[in-house]
Amino acid sequence: MVRDGRLGDYNNDGFVDLFVPNTTASFGASINFLYRNNGDGTFTHQSADQAGPIASDKDASAFGYWGDVNNDGFLDLLVPSGIASANSRPVSSRLYVNRGSGAFRSADGGDLTKPYYYWGGGGLADYDNDGNLDAFICAAWADSGHMTNLLFHGRGDGTFSLLTSSVVATDQSENSNDAAWGDFNNDGLPDLIVANNSVQDFFYRNDGHGQFTRMTDSILEAGFKTAHHAWGDYDNDGFLDVAQGTADGTRLFRNTGTGDFVEATNLSAPVGYRFG
């Protein structure tokens, strides 16, 4: 079963390549796919001999996130693993560091690659503008007994520290499914919205210096059961808008540019999507 594929130019040839995480239909372990862009509209599936363990490891991979975690100029890849049920053991995510030759190696990401009760998606972003990528991964799932998500601070050397005091890491949800970073107020700091499939979403404004404020009065926390979000400036006014995927379709919210959002329209669309 294919999960959420991600595009990224991992070999710096100017063409975006594709990573596709996979699981079985019962959320069991499966080998993921890495495709190199040939530059002519075609892609070549990479083998383990060509790309390393990124193309041979077997996990219940949920998502994949490209980002240069060690600041060497090459995209690395974070692949969170998911648990099949509330009775599953904790699992470790994979961090693949780019060797710069078209191949990857498995890396110890510190706290980021320790076993946790991962459940959903997340992403990489430099939330404190220190030049190092940080990470957020959804882990809240009441059935597993874990109701908080995971926020990691990047050290710039490919390792990460788990943060436990931030509001992002202490707010409780019965089921956080996915999250998206985006600078909605153009202050140069990535903000975060978390899709919750049981309660209202969590919308966090980044206040700088590693501090966040939960925007509980925002329409983006209006109580819909949500699976995914996507940021994108669909009206070209210079402010990021957001699409919110629910079981009933997609809700599109326009950024007013004053720190608020208004609902623009509802779309009959699947809950997984991207702007482009």
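What pLDDT does the protein chain average, and what percentage of the residues score at least 70?

1. Confidence. The model is predicted. The protein chain averages a pLDDT of 90, and 94% of the residues score at least 70. Strand β5 (residues 43–45) has the highest confidence, at 98, and strand β22 (residues 261–267) has the lowest, at a mean of 80.

2. Secondary structure and overall form. The protein chain holds 22 strands and two helices. Its radius of gyration is 18 Å, which agrees with the value near 19 Å that a compact globule of 276 residues would have. Along the principal axes, the C-alpha atoms fill a box of roughly 50 × 45 × 40 Å.

3. Burial, surface and contacts. Of the 276 residues, 52% count as buried. The protein chain exposes about 11,700 Å², and 48% of this area comes from carbon and sulfur atoms. Among contacts between residues at least 6 apart in sequence, 46% join residues at least 24 apart.

4. Charge. The side chains of the protein chain include 36 negative and 16 positive ones. The centres of these two sets lie 8 Å apart.

5. A buried strand residue. I137 belongs to strand β12 (residues 134–137). I137 is buried because its relative accessible area is 0%, and buried means under 20%. Leaving aside neighbours within four places in sequence, I137 is in contact with L78, P80, S93, L112, Y118, G120, G121, G122, N149 and L150. The C-alpha atoms of I137 and N177 are separated by 9.3 Å, and the two residues are 40 apart along the chain.

6. Positive phi at two asparagines. Most residues other than glycine have a negative phi. N71, which is not a glycine, has a positive phi of about 55°. N71 sits in the loop between β7 (65–67) and β8 (76–79), and with a relative accessible area of 42% it is partly exposed. Phi of N236 is also positive, near 55°. The loop that holds N236 runs between β19 (226–232) and β20 (241–246). N236 has a relative accessible area of 67% and is therefore exposed, the cut-off being over 50%.

7. The loop between β15 and β16. N186 is found between β15 (176–182) and β16 (191–196), in the loop. At 43% relative accessibility, N186 counts as partly exposed. Not counting residues up to four places away in sequence, N186 touches G238 and F239.

8. T258 lies in the loop between β21 (249–255) and β22. With a relative accessible area of 61%, T258 is exposed. T258 and N185 are 73 residues apart in sequence, and their C-alpha atoms are 7.7 Å apart in space.

Conventions:
Residues are numbered from 1 along each chain as its sequence is written. Side-chain values use heavy atoms; hydrogens and water are left out. Helices (H or I, at least four residues) and strands (E, at least two) are DSSP runs, numbered from the N terminus. The radius of gyration is taken over C-alpha atoms; the globule rule is 2.2 Å times the number of residues to the power 0.38. Buried means under 20% relative accessible area, exposed over 50%, partly exposed in between (1.4 Å probe, protein chains only). Contact means heavy atoms within 4.5 Å. Accessible areas come from the Shrake-Rupley method with a 1.4 Å probe; for residues, only the protein chains shown count as cover. Lys and Arg count as positive and Asp and Glu as negative; His and the chain ends are not counted. The place of a charge is taken as NZ of Lys, CZ of Arg, CG of Asp or CD of Glu. pLDDT is the predictor's confidence in each residue, from 0 to 100.
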